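Please look over the sequence and the structure before turning to the numbered points.

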Amino acid sequence: MINLIATLILAIIVVKNMRREKINPDAISRISFQVKSLEDRIINNIDIFRKTIERVKDSNLNILTAIEVKLKEMDRTASSLSEKLDKRISRIESVLTNAITVKVVDKLEEIDCVFREDGLIVYGSYDKKFIVYATQALRVLENMGLIKLEVNRGNSIVFIGVLGRIGGKMLYCLKESSYPVRFNTEKILKELGETIG
Amino acid sequence: MRQLAKKSYEDIIRKIVSKSFGQVERCVIASEDGLPLASYGNPDEINEIIAAIAAPLFAATQDVIKNLEKTKVIKIDVELTNTKHLIIAPMQNNIVAVLSSRNPNLGLIYYLVEEVAEPMPEERGQKGLKGSSEKVMKESETH
C-alpha cells in the first residue's frame with residue numbers, strides 16, 4: 001500500500017517535471033537523479049513512518065496491558081471492599097438483632113447456677129470444670145470493674161454476671177443461652193436470699 | 001490388690017499442683033497407716049505430719065459415717081482460721097491430702113482432688129479402720 005502511494009507520488013512528480021522542462025538528455029539525467037533522490041527520501045520517510053507506527057502500536061500495547069493490570073487490581077479491591085462491607089453489615093445486623101432480642105433475667109429459676117468466688121456452687125448446677133476455671137478467670141478480672149462476662153461455648157454463649165458480696169463472699173450468676181441476656185441482679189439477689197437464707 | 005508405683009504417686013501430685021494455679025501449698029499421698037508415699041512442699045517433715053494426721057482422721061471419719069449413714073466418705077475439708085483448707089480424699093487404699101493456700105479457689109481444688117480420688121475398697125477400709133480402732137483401744141489400755 002505504502003509502496004503504491006510512493007510510486008504514484010513519484011510518477012506525478014516526473015510528469016510535472018517533464019511538462020515544465022523540455023526533454024533533453026541533460027534534463028532527463030537530472031530528472032532521473034532528482035527522482036532517485038526523491039525516491040530515497042520517500043523510502044526513508046516511509047521507513048521512519050513505519051517505525052513510528054510500530055512504536056505507537058507497541059506503546060499502545062503497553063498502555064493496554066497497564067490498563068488491564070489496573071482493571072484487575074480495581075476488581076480485587078472492589079471484591080475485598082464488598083467482602084468487608086458484607087461482614088460489617090452482618091455484624092450491624094447481629095448487633096441490631098441482639099439489641100432487639102436481649103432478654104432480662106430476673107428470676108432465679110431462669111439461671112443455670114449461682115456460684116461463689118471460691119468456685120463453689122450455691123444454687124443450681126452447671127459443668128463443675130467450667131465453673132472452677134471461670135472462677136479462676138473472674139479472680140483476675142474482679143479488680144478491673146467486671147460487671148458481665150460472656151464466653152462463647154459451642155453454639156451457645158455463657159453469660160456470667162456479678163451479683164454482689166454476701167457474707168464476705170462475692171456471688172456470680174451464670175446462664176447459658178443462645179440469645180443475649182441481661183441480669184437483674186437486685187431481684188435475683190432478693191430471691192436468692194429468700195431461697196437459701 | 002492394685003498398688004501404684006512411687007512414680008505414679010509423684011505424677012498424681014504433679015498433676016494436682018500444676019493445675020492448681022499456685023493454690024496448693026502442700027500435697028501428700030499417704031498410706032492408710034499414715035506414711036507419706038509421695039509429697040509436694042517443703043520442709044518434708046511437715047508433709048510427714050500431715051500424712052500422719054490425715055490418714056487416721058479419714059479412717060476414723062469413714063468408720064463413723066459407715067456406722068451412722070451406711071455410706072462412704074468422698075472427702076473431708078478442714079477449714080482453718082487463716083482461710084486455708086486441708087482437704088483429704090481417699091485414693092484406693094491410700095489417702096491424698098491437700099493443704100491449700102489462703103482464700104483458695106476451693107471448687108478448683110475439689111475438682112482436682114476428685115479427679116484422682118477413688119473410694120476405698122469395702123473390705124480394706126473396714127480392715128484399716130478395725131486396725132486403727134484396735135490401736136486406739138490398745139493405747140487407752142496402756143494409759
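1. Helices (H or I, at least four residues) and strands (E, at least two) are DSSP runs, numbered from the N terminus. Two residues are in contact if their C-beta atoms, placed from the backbone, lie within 7 Å. Axes are lines fitted to C-alpha atoms, for helices over the stretch in contact, and angles run from 0 to 180 degrees between N-to-C directions.

2. This is a predicted model, in which local features need pLDDT of at least 70 and side-chain atom pairs count only at pLDDT 80 or more, while totals for chains, interfaces and linings use all residues. Residues are numbered from 1 along each chain as its sequence is written, and chains are lettered from A and ligands numbered from 1 in the order in which they are written.

3. In chain A, five strands make up an open antiparallel sheet, ordered β3-β2-β6-β5-β4; two strands pair if DSSP finds at least two bridges between them. Strands β3 (121-124) and β4 (148-153) of chain A are at the edges with a single partner strand each, so one side of each has no neighbour in the sheet. On average, neighbouring strands are turned by 20 degrees against each other, direction ignored.

4. Six bridges join β4(A) to β5 (residues 156-166) of chain A in the antiparallel sense. Within β5(A), Phe159(A) is the residue opposite Glu150(A).

5. Which strands does helix α3 (residues 128-141) of chain A lie across? They are β2 (113-116), β3, β4, β5 and β6 (169-177) of chain A, and the helix runs at about 55 degrees to β2(A). Helix α4 (residues 185-196) of chain A also packs on the sheet, where it touches β2, β3, β5 and β6 of chain A and makes about 70 degrees with the direction of β5(A).

6. Chain B contains four helices and five strands, arranged from the N terminus as α-β-β-α-β-β-β-α-α. Ile109(B) touches, among others, Ser20(B), Val24(B) and Pro104(B), leaving aside residues up to four places away in sequence.

7. Between the chains, seven residues of chain B contact ten residues of chain A. The chain B side has five nonpolar, two polar and no charged residues; Ala, Val, Leu, Ile, Met, Phe, Trp, Tyr, Cys and Pro count as nonpolar, Asp, Glu, Lys and Arg as charged, and the others, Gly among them, as polar.

8. A caution concerns residues 124-143 of chain B, where pLDDT (the predictor's confidence in each residue, from 0 to 100) stays under 50. Where pLDDT is low, the predicted coordinates should not be read in detail.
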